[in-house]
Amino acid sequence: MIRYILKRLLLMVPVLLGVIIIVFSLLYVAPGDPALSILGEAATEESIHRVHEELGLKDPYLVRLGRYFGGLLQGDFGDSYKTKRPVVDEILSRYPTTLILTFGSVVFGLVVGILFGIVSAIRQYSFLDRILTMISLFGVSAPSFWVAMLLVLVFSVNLGWLPATGSDKLACWILPIITMGLQVSAFIMRMTRSSMLEVIRQDYIRTAKAKGQSEIKTVLLHALPNALVPIVTVIGLQICLLLAGAVLAETVFALPGLGKYLVDSIGYKDYPAVQGVVLWIGINAILINLAVDILYCFIDPRILNRFKGKPLFGNRRVTKLSDV
Amino acid sequence: MMSKSRGKNSVMKDVWRRLKRNKLAMISMILLIFLFLIALFASYMIPYDYASMNAAIRLQPPNGEHWFGTDNFGRDIFSRVLFGARYTLIIGLGCTTSAAIGGVVLGSIAGYYEKFDNIIMRFIDIIMGIPVFMMALSIIVALGANMRNMIIALAITNIPAFARITRAQVLGIRQQEYIEAARSIGASNFRILTRHILPNAFAPILVQFTLGTVSVILWGASLSFIGQGVQPPTPEWGLMISAARSFLREYPYMSIIPGLAIVVTTYALNILGDGLRDSLDPRLKQ
């Protein structure tokens, strides 16, 4: 296990370096002069030149990349052009909003998705199964920003039950979490259904039933744990998608999270902020993938057997569980 | 040669026969063909010019003259939705086709030539390190926000999915005996890859193509929604919903209708994708 985790951690380093280089390079070539965004209408040739000097915008690519790397090693993502504050502070002040939204949606998605997925699987081809399948298909087909607007229309505008914007009260989080959780639950439900269908046909399930165990016990104690591996994969993927996709819910519900900050920063050409947010989400995604890969080993210890006896370096083909 | 082509035909016939039995998939396919025709002939079908503004008829709810109503500029929403099918199709098929070509080439090389495997797959890992939406946004920021750049961005971000599927398929198929047989009679690597491996790896790639189109359409609409995709006054559905946001309270039809257009398209594609997967590999049907 330790060997595998070590290997995955080592593999993370080049990916992280690659992500940093890509994010930096993309924004390096981005059109437009940030000096104009900073100075606004008061910009003169002299002041633009001064800003270029101050920010080192005229330095060669490698110098700027080196400076960026140096900063990152010290936890410095640069300073925002707009607020002049360190980007990392701006990110940390908005991160909790995005985290609440993401993990709230995952919990909602897990509860609804696994429950409906199990019901759908054990009542395969029933009317309920068909209805749930149709709903889950809607969940993966509808754009989340549109679902958000429909929910606002029904629950805020027409019924007046829930607030459409804000983040100060618990009620403010319900619509954004349902919006994002609906899509997650749809994916999890589809995966749970197909995974459960595979498992409930196994001999050991029949044996458990033959021994007189109740259906609920058989499903919860024997079938679900064995159906978990693909479900965990979907959850990991969904968390990454949600962290990035939170921008849509945050835009519709005016939540002060990372996504909204990113969109605002793009509009302002605040490139250190854009770089910082994309990199932050990228690092989060890499760590989540690592966590999922490690989690696999706990859920299904057989997976680790594939790596037993293999050297830490040198096996060129199989390097990650997800590649297997 | 004859037996080979007969074999291939009978496989396709089997797939088609199984697909035909799936009523929902067939309805979806007909719907998508209809949508394709709308996109193709939208210019001849629209009752009003999609861009012509008329302040006198602004914000009219759906009525006999304007079936889907008019927007805040007095533009006919029905004409805009019909025309929007063209953009959705261009974005969906354009991105997915480019991503499929790039991904299949990279995945084939990675799966077939061991020496390139690590370098290609680690590069794919780097692209996948950044979530699709963030990666697409970064590319758009670098290139500028317009439809062409959005297609480029979404195509690049979708390459990894095709590359990984193709690689996994190639890795499995290259161990088969018939590949060894082809090699023993002197077939070149290129021939083995293009004539023997890829045709057999076709099924999951086709399924990914259908389902990938769904995600591209949704991401495309989302990018347009936040102003980083198609630019006004193009009648792209995501952009139409974005423009209708300020009118949600009084004129909800302005956002509901283009949203329904997206849902109908992606729903049909999803059902067709699932149907295709089941008929290409009946063992998967559950």
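**Figure 1. Contacts and overall build of chain A.** In this predicted model, take the contacts in chain A between residues at least 6 apart in sequence: 71% of them join residues at least 24 apart. Chain A has 14 helices and zero strands, so its pattern along the sequence reads simply α-α-α-α-α-α-α-α-α-α-α-α-α-α. Along the principal axes, the C-alpha atoms of chain A fill a box of roughly 85 × 65 × 25 Å. Of the 324 residues in chain A, 40% are buried.

**Figure 2. A:A254, in a loop of chain A.** Look between α11 (228-252) and α12 (258-268) of chain A, and you'll find A:A254 in the loop. Its phi is near 50°, a positive value in a residue other than glycine. Most residues other than glycine have a negative phi. Is A:A254 buried or exposed, or partly exposed? A:A254 counts as partly exposed, because it has 13 C-beta neighbours inside 10 Å.

**Figure 3. A:K269, in the loop between α12 and α13 of chain A.** Helix α13 here covers residues 271-299. A:K269 isn't a glycine, yet its phi is positive, at about 55°. With 21 C-beta neighbours inside 10 Å, A:K269 counts as buried, since the cut-off for that label is 20 or more.

**Figure 4. Where chain B touches chain A.** On the chain B side, 40 residues are in contact with 44 residues of chain A. Which elements of chain B give two or more residues to this side? They are α4 (114-129), α5 (132-143), α9, α10 and α11 (253-280) of chain B. By class, the chain B side that touches chain A splits into 22 nonpolar, twelve polar and six charged residues.

**Figure 5. Helix α3 against helix α6 in chain B.** Two packed helices are described by the angle between their axes and the distance between the axes. For α3 (residues 77-112) and α6 (residues 147-173) of chain B, the axes come within 6 Å and cross at roughly 40°. That angle makes α3(B) oblique to α6(B). As for handedness, the crossing of α3(B) and α6(B) is right-handed. The contact of α3(B) with α6(B) has 19 nonpolar, ten polar and two charged residues.

**Figure 6. Inside the nonpolar cores.** The largest nonpolar core holds 152 residues. Which of its residues touch the most other members? They come from both chains: A:A148, A:I188, A:A249, A:V277 and A:I281, plus B:A136 and B:L154. Zooming in on B:L154 and leaving out residues up to four places away in sequence, its partners are B:C95, B:A136, B:V216, B:W219 and B:G220. There's also a second, separate core of seven residues, and among them are B:L171, B:I173, B:I197 and B:A201.

**Figure 7. The cis peptide bond between B:P232 and B:P233.** Most peptide bonds are trans. The one joining B:P232 and B:P233 is cis, with omega about 5°. B:P233 sits in the loop between α9 (202-225) and α10 (237-244) of chain B.

**Figure 8. Helix α7 of chain B, hardly covered.** This helix runs over residues 177-184 of chain B. How many of its eight residues are buried? The count is zero. After α7(B) comes B:G186, with a positive phi near 95°.

Key:
Residues numbered from 1 in each chain as written. Chains lettered and ligands numbered in written order. Predicted model: local features only at pLDDT ≥ 70, side-chain atom pairs only at ≥ 80, totals over all residues. Axes fitted to C-alpha atoms, helices over the stretch in contact; angles between N-to-C directions. Helix = DSSP H or I, 4+ residues; strand = E, 2+ residues; numbered from the N terminus. Parallel < 35°, antiparallel > 145°, perpendicular 65-115°, else oblique. Left-handed = near helix turned anticlockwise from the far one by under 90°. Nonpolar A, V, L, I, M, F, W, Y, C, P; charged D, E, K, R; others polar. Buried ≥ 20, exposed ≤ 12 C-beta atoms within 10 Å, placed from the backbone. Contact = placed C-beta atoms within 7 Å. Core = buried A, V, L, I, M, F, W, Y, C linked by C-beta atoms within 7 Å.
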